[in-house]
Amino acid sequence: MTRTLAPDDTGIAEAAGLLAAGELVAFPTETVYGLGGDARSDRAVARIYAAKGRPSFNPLIVHLPDLAAVEAIALVGPNARALAQAFWPGPLTLVLPLRDGAGVSPLVTAGLATVAVRVPAHPLAQALLRAFAGPVAAPSANPSGRVSPTRADHVLDGLSGRIAAVLDGGPCAVGLESTIVLADPDPQLLRPGGVPVEALEAVLGQPLALAGDGAKPTAPGQLASHYAPEAGVRLGVTMAQPEEVLVGFGPVQGALTLSATGDLVEAAARLFQTLREADQLAGPNGRIAFAPIPETGLGRAINDRLRRAAAPRG
Ligand code: TXA
Ligand code: MG
């Protein structure tokens, strides 16, 4: 059975002990809940793939408490350092050259010479990483292809019985996964996310190349259809059809709304929970329609997730 651990010293110590024993523990970050395992252990990492039902060619993000811990496993170039200093701890993942002898399981990197690393800001994630004192591989804590979890009960909906425990930190503040950047030598956006592109470009002092056109998979393993609710999804809608649950934004009113005031930060935080609610309202034969979301700031990441939710299912 999957245990729910309280967000206190006892819960953190138990979670760290389970990770040290090679078990899987879901934990809150400011983006979404991660499904954590010891990144040095082939067995723990293999369990992550098995619990998610994830194709094993899809590499994982390694979570560490600070830049010094990152430098023990990866090489930090000049652009990466500038971004790390500006946005860590926070919702940014950097793809960096893996250091020789880093000790990270090749299952984490899927055999690549690079490793994706992130320093999360959430206080419970920080406490867990410091208590465990090792690198934690963590994809989002949902079955592969489904909606990412932003609350402990979302984790249990998808993974109960398949992982040892979930550390319950309440709802995630950002609500969208981290932005993934390949920083050096030429900065490239691999996945839009919790840090807006405009903020990255301001720090880099140059434009970010977009890897792919946003509809095609860019970071390996990013499949076109993802975040899939049960119901079909239609985008850019201002008037719902019968049988459609309309999710509004700003002036477009629906049965639900991402943000009645048109606030993209609020919309990001509510996106995955709202997808789940809309799915339930739509029922077995219903469909979900989303109001248009502007393609600026966090809107870029919201639209990326919505396009994947609406993509034809494989
Ligand atoms: O906010 C987040 O990033 C969450 C929390 C838990 O940290 N994690 C997350 O992990 O979204 P996941 O596994 O759902 O997405 C990881 C992404 C994948 O699209 C993968 O292709 C990319 O990171 N990735 C991992 N290693 C990579 C590498 N070496 N090169 C390029 N992309 C990589
Ligand atoms: Mg995911």
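Ala240 sits in the loop between β12 (232-234) and β13 (244-248), where helices (H or I, at least four residues) and strands (E, at least two) are DSSP runs numbered from the N terminus. With a relative accessibility of 37%, Ala240 counts as partly exposed; buried means under 20% relative accessible area, exposed over 50%, and partly exposed in between, for a 1.4 Å probe and protein chains only. Ala240 and Gly254 are 14 residues apart along the chain, and their C-alpha atoms are separated by 8.1 Å. The loop between β12 and β13 also holds Glu243, which counts as exposed at 61% relative accessibility. The phi of Glu243 is near 75°, a positive value in a residue other than glycine.

This is a predicted model, in which local features need pLDDT of at least 70 and side-chain atom pairs count only at pLDDT 80 or more, while totals for chains, interfaces and linings use all residues. Residues are numbered from 1 along each chain as its sequence is written, chains are lettered from A and ligands numbered from 1 in the order in which they are written, and side-chain values use heavy atoms, with hydrogens and water left out.

Most residues other than glycine have a negative phi, and most peptide bonds are trans. Ala110 has a positive phi near 55°. Ala110 lies in the loop between α5 (106-109) and β6 (114-118) and is partly exposed, with a relative accessible area of 32%. Trp88 and Pro89 are joined by a cis peptide bond with omega of about -5°, and Pro89 belongs to the loop between α4 (78-87) and β5 (92-97). The bond from Asp184 to Pro185 is cis, with omega near -5°; Pro185 is in the loop between β9 (179-182) and β10 (188-191).

Next come the helices. Helix α1 (residues 9-20) has 12 residues and reaches 16 Å from its first C-alpha to its last, close to the 16 Å expected at 1.5 Å a residue; the expected span is 1.5 Å times one less than the number of residues. Gly11, Ile12, Ala15, Ala16, Leu18 and Leu19 of α1 are buried. These residues lie on the same side of α1 because they cover an arc of only 160° around the axis, the arc being that of the directions from the helix axis to the C-beta atoms. Asp9 and Ala20, on the other side of α1, are exposed. The cover over the buried residues of α1 includes β1 (3-5), β2 (25-28), β3 (33-38), α6 (123-132), β7 (136-137) and β8 (165-167), with contact meaning heavy atoms within 4.5 Å. Gly22 follows α1 and has a positive phi near 85°.

In α7, the buried residues are Ala152, His154, Val155 and Leu159. Their arc around the axis is only 155°, which puts them on the same side of α7. Among the elements covering them are β2, β3, α2 (42-52), β8 and α9. Just after α7, Gly161 takes a positive phi of about 90°.

Both α7 (152-159) and α9 (264-282) give two or more residues to the lining of the second largest pocket. This pocket is lined by 16 residues, of which Arg146, Val147, Glu230, Arg276 and Asp279 lie nearest its centre. On a 1 Å grid over the protein atoms alone, a cavity is a set of points where a 1.4 Å probe fits but cannot get out, and a pocket is an open set with protein on both sides within 12 Å along at least five of seven lines; lining residues have an atom within 4 Å of a point. The volume of the second largest pocket is about 290 Å³.

How values were computed: Grid points are joined across faces, edges and corners, and a volume is the space filled by probe spheres set on the points.
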